Amino acid sequence: MFTGKKVLVIGLAKSGKAAIRLLHKLNATITVNEAKEIKDIPEYQQYLDMGIEMVTGSHPTELFECDFDFVIKNPGINYHKPFILRLKERKIPVYTEIELAFQVAKKQHYIGVTGTNGKTTTVTLIDKILKGQYQHVHLAGNVGTPLCDVVLDNDLLNEENHYVVIEMSNFQLLDIERFKPYVSTIINLTPDHLDYMASLDEYYASKTNIYKNTDLDDYFVVNLDDKTVMEYLEKYPVPCNQVTMSLIHEADCMIKEQAIYYRDELIINLADIKVVGRHNIQNIMTAICIAKKCDVPVTVINREIASFIGVEHRIEFVREINGVKIYNDSKATNTDATIIALKAFEQPVILLMGGFDKGLDLTEMATYGNKISHLVTFGAAGERFKNDMHVANSSSVENLEAATLLAIEKAKAGDIILLSPSTSSFDEFSGYEERGRVFKNIVNKL
């Protein structure tokens, strides 16, 4: 199918490597462009031996004047870059690896989940519920495994009707052409990625790509409680069937008598749910709507939700020291995620906040000062965060370790320490996962 097709792969992160594996299997003629030098590319010789042309060290102008049938772009590469715009000017299709995998795989049951916050928790729970009922269920996308790898490792080039749950960032949705999920949702919309997107409107609009190819065989789960989502659904109408959910309004999935119901059927009592916070109730309701559309029985849905303890790095309980409970919320890489975490606790917390400064506005975040008993800021953004938050009891230190030790020193029995940085981690770590693991190691060594 791809024999003789000329494909350019830009960027050798996880998704680029997965795309190369799949394209090689499909006999495409592959050129790779990676800004890193040869010495920093462990696979360099292996790719040459596979017959792949390697262009490294920069993004040379002449490469983007060559003829390619299509291009696979790492989602992290800003699509406003001149070399990407040049490809689009020349009408050369630019895809992400998700679009590639979708186009070459046989027909599957795709579940697409996007939104600003809560995606990972939601897809992890959907995956758990579906695995409680079906044999062939796969988790892919932004949550860790590229869809190209899922397609290759589970022979989806030949097999049909697997359930594939995909967490999709707006970067992955920007370059969608045919991707069509059976059930999809936008969990919520709040400001993020303003260092990458041209405007907030463009960021929100990109999320609506998740349902643009759907039809009346498909379903979209609507969060009636999110005003911005509702506004964008009006702006970009949903072409498929809609299922509604709400914490406060009448909806297909709603709360009555301290329990979650789906169309008058009791699914689970709130008291049987282990994860904290109203935002997690919303994530659970989204998962319920999706599970019902995938014909999972209530007994299975109930069992899998009741045994769900959440996701690593997302308001994750680490340990209790001398009556002080410590939580790792390293995945909070924007202010809205931190606000959600603060709201999850009944009492004010000792908040650890800081990291790479990506220019996020803290005006709204600062209105939650009453949820913070002591603020400890750290890292490149530490000093600005301390000044912009206006919390009476606050300290700024150099790094995460110093912040953790200071918080523990200040805490007394009954307190809660919460790492919820509200920004990315690239000043000190490779990503939020490393930051969260380092934090847990510091705490567990005490």
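Which residue in β5 is the bridge partner of V71? The answer is in point 2, after the basis of the model.

1. Basis. This is a predicted model, in which local features need pLDDT of at least 70, side-chain atom pairs count only at pLDDT 80 or more, and totals for chains, interfaces and linings use all residues. Residues are numbered from 1 along each chain as its sequence is written, and side-chain values use heavy atoms, with hydrogens and water left out.

2. The parallel sheet. Five strands make an open sheet with parallel pairing, in the order β3-β2-β1-β4-β5. Strands are DSSP runs (E, at least two residues), helices are DSSP runs of H or I with at least four residues, and both are numbered from the N terminus. Two strands pair if DSSP finds at least two bridges between them. The edges are β3 (53-56) and β5 (94-95); each has a single partner strand, so one side of each has no neighbour in the sheet. Strand β4 (residues 70-73) runs parallel to β5, and two bridges join them. V94 in β5 is the bridge partner of V71.

3. Domains. The protein chain is divided into domain 1 (6-95), domain 2 (98-307) and domain 3 (316-445); the bounds come from an automatic or database domain assignment. Between the C-alpha centres of domain 1 and domain 3 the distance is 38 Å.

4. The cores. A nonpolar core is a set of buried Ala, Val, Leu, Ile, Met, Phe, Trp, Tyr and Cys residues joined through side-chain atoms within 4.5 Å. Buried means under 20% relative accessible area, exposed over 50%, and partly exposed in between (1.4 Å probe, protein chains only). The largest nonpolar core has 56 residues, and L22, L23, I72, L100, L147 and F220 have the most contacts inside it. At least three of its residues come from each of domain 1 and domain 2. Another core, of 40 residues, lies apart from it and includes V113, V183, V298 and V300.

5. The mixed sheet. A second open sheet has six strands in the order β15-β16-β20-β17-β18-β19, with mixed pairing. Its edge strands are β15 (316-321) and β19 (394-397), each pairing on one side only. From one strand to the next the twist averages 20°. Five bridges pair β15 with strand β16 (residues 324-328) in the antiparallel sense, and E316 stands opposite N328 in β16. Helix α16 (residues 432-445) packs on this sheet and touches β15, β16, β17 (349-354) and β20 (416-419); its direction makes about 15° with that of β15. Such angles run from 0 to 180 degrees between N-to-C directions, with axes fitted to C-alpha atoms, for helices over the stretch in contact.

6. Helix α12. Nine of the 10 residues of α12 (residues 335-344) are buried, so this helix is largely enclosed by the rest of the structure. Its buried residues pack against α10 (278-293), β17, α13 (363-366), β18 (372-378) and β20. At the N-terminal end of α12, N334 forms a cap, with a side-chain oxygen 3.2 Å from the backbone nitrogen of D336.

7. Residue T208. T208 sits in the loop between α8 (200-207) and β10 (219-223). T208 counts as buried because its relative accessibility is 5%. Leaving aside neighbours within four places in sequence, T208 is in contact (heavy atoms within 4.5 Å) with I186, Y232 and Y236.

Terms used: Polar contact = N/O pair within 3.5 Å; in protein donor to acceptor, adjacent residues only side chain to side chain.
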